[in-house]
Amino acid sequence: MRAEAIVDLSAIKHNVELLKKAAGTKLLAVVKADAYGHGLIPVAQTAISAGADYLGVALLEEAIALREAGIDAPILAWLVQPGSDFKKAIELDIEIAVASLAALKEISDASTSKKAKVHLEVDTGMTRGGFLDEWDELLKADFSKVEVVGIFSHFARADEAGQQQNLDQLKDFKTKVEQLKAVGINPPIKHLSNSAATLLDSDSAFDMVRTGI
């Protein structure tokens, strides 16, 4: 007998509603990796119907699939590889994470008919991705061809309440936000909280939380 998994979309809807209420701010539903194996399109549609304000994916291909399915909610793709079809992403209003100066240049070069909407990814301690060594250079960069709509980072230990690293990352994130403001960049959407922080750390909610697994 073949194994099968039955996904209860009503349970996912209930969870999104609870998380949105707990967050008290905008909510991005992470649906990367086929919505963690639960079905990209149906889970995305369910999350939006439950009040999610954004959808988050790792790959540009996932974001394009959501658009092709008729989903018009804001989408952020954050692991977009060099050489990706940035022009198509811009045409489809897919927001793109920028984690390096090389990526900023490539996306800026693709912004011809309209500006790309980007979220700056900053490394505050997880050391998995985002601006770190290039941060000072980023503060001097040319942002004229893109629209910076967000800045974000990732907690490393948000599921461990009371960890000093969480406080250090929050402090560093706030510092980087202020440094960007000082050079005239003030993204309207600042986001740091993952699922655990959404439930355990209201001080890190900012303008949006990212809830996934």
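## Basis of the description

Residues are numbered from 1 along each chain as its sequence is written, and in this predicted model local features need pLDDT of at least 70, side-chain atom pairs count only at pLDDT 80 or more, and totals for chains, interfaces and linings use all residues. Side-chain values use heavy atoms, with hydrogens and water left out.

Helices (H or I, at least four residues) and strands (E, at least two) are DSSP runs, numbered from the N terminus.

Helix α3 (residues 40–49) and helix α4 (residues 60–68) have axes that come within 10 Å and cross at roughly 70°, where axes are lines fitted to C-alpha atoms, for helices over the stretch in contact, and angles run from 0 to 180 degrees between N-to-C directions. The two helices are therefore roughly perpendicular to each other; angles under 35 degrees count as roughly parallel, over 145 as roughly antiparallel, 65 to 115 as roughly perpendicular and the rest as oblique. The crossing of α3 past α4 is right-handed, a crossing being left-handed if the near helix is turned anticlockwise from the far one by less than a right angle, and right-handed if clockwise. On the α3 side the contact (heavy atoms within 4.5 Å) is made by Leu 40, Ile 41 and Ala 44, and on the α4 side by Glu 62, Ala 65 and Leu 66. By class, this contact has five nonpolar, no polar and one charged residues, where Ala, Val, Leu, Ile, Met, Phe, Trp, Tyr, Cys and Pro count as nonpolar, Asp, Glu, Lys and Arg as charged, and the others, Gly among them, as polar.

Helix α1 (residues 9–23) also packs with α3, at an angle of about 40° and with the axes 9 Å apart, which makes α1 oblique to α3. This crossing, too, is right-handed. From α1, the residues Leu 9, Ile 12, Lys 13 and Val 16 meet Pro 42, Val 43, Thr 46, Ala 47 and Ser 49 of α3, and the residues of this contact divide into six nonpolar, two polar and one charged. Ile 48, which is likewise found in helix α3, is partly exposed, with a relative accessible area of 30%; buried means under 20% relative accessible area, exposed over 50%, and partly exposed in between (1.4 Å probe, protein chains only). Leaving aside neighbours within four places in sequence, Ile 48 is in contact with Leu 55 and Ala 73.

## Burial of α4

The buried residues of α4 are Leu 60, Glu 62, Ala 63, Ile 64, Leu 66 and Arg 67. What covers these buried residues includes the helices α2 (32–37), α3 and α5 (86–91), together with the strands β2 (54–57), β3 (75–77) and β4 (94–98). Following α4 is Gly 70, whose phi is positive, near 90°.

Ala 33, in helix α2, has a positive phi of about 55° although it is not a glycine. Thr 127 is not a glycine and also has a positive phi of about 55°, but Thr 127 is found in the loop between β5 (116–121) and α7 (135–138), where it is exposed, with a relative accessible area of 61%.

Arg 128 is found in the loop between β5 and α7 and is exposed, with a relative accessible area of 58%. Not counting residues up to four places away in sequence, Arg 128 touches Asp 123 and His 154.

Ser 153 is in the loop between β6 (146–152) and α8 (164–182), and is buried, with a relative accessible area of 1%. A polar atom of the Ser 153 side chain lies 2.7 Å from the backbone oxygen of Val 122. With residues up to four places away in sequence not counted, Ser 153 touches Val 122, Asp 123, Thr 124, Phe 173, His 191, Leu 192 and Arg 210.

## Ala 197 in α9

Ala 197 is in helix α9 (residues 195–200) and is buried, with a relative accessible area of 1%. Ala 197 and Ala 23 are 174 residues apart in sequence and 9.3 Å apart in space, C-alpha to C-alpha. Residues up to four places away in sequence again set aside, Ala 197 touches Phe 155, Ala 158 and Ser 202.

Conventions:
Polar contact = N/O pair within 3.5 Å; in protein donor to acceptor, adjacent residues only side chain to side chain.
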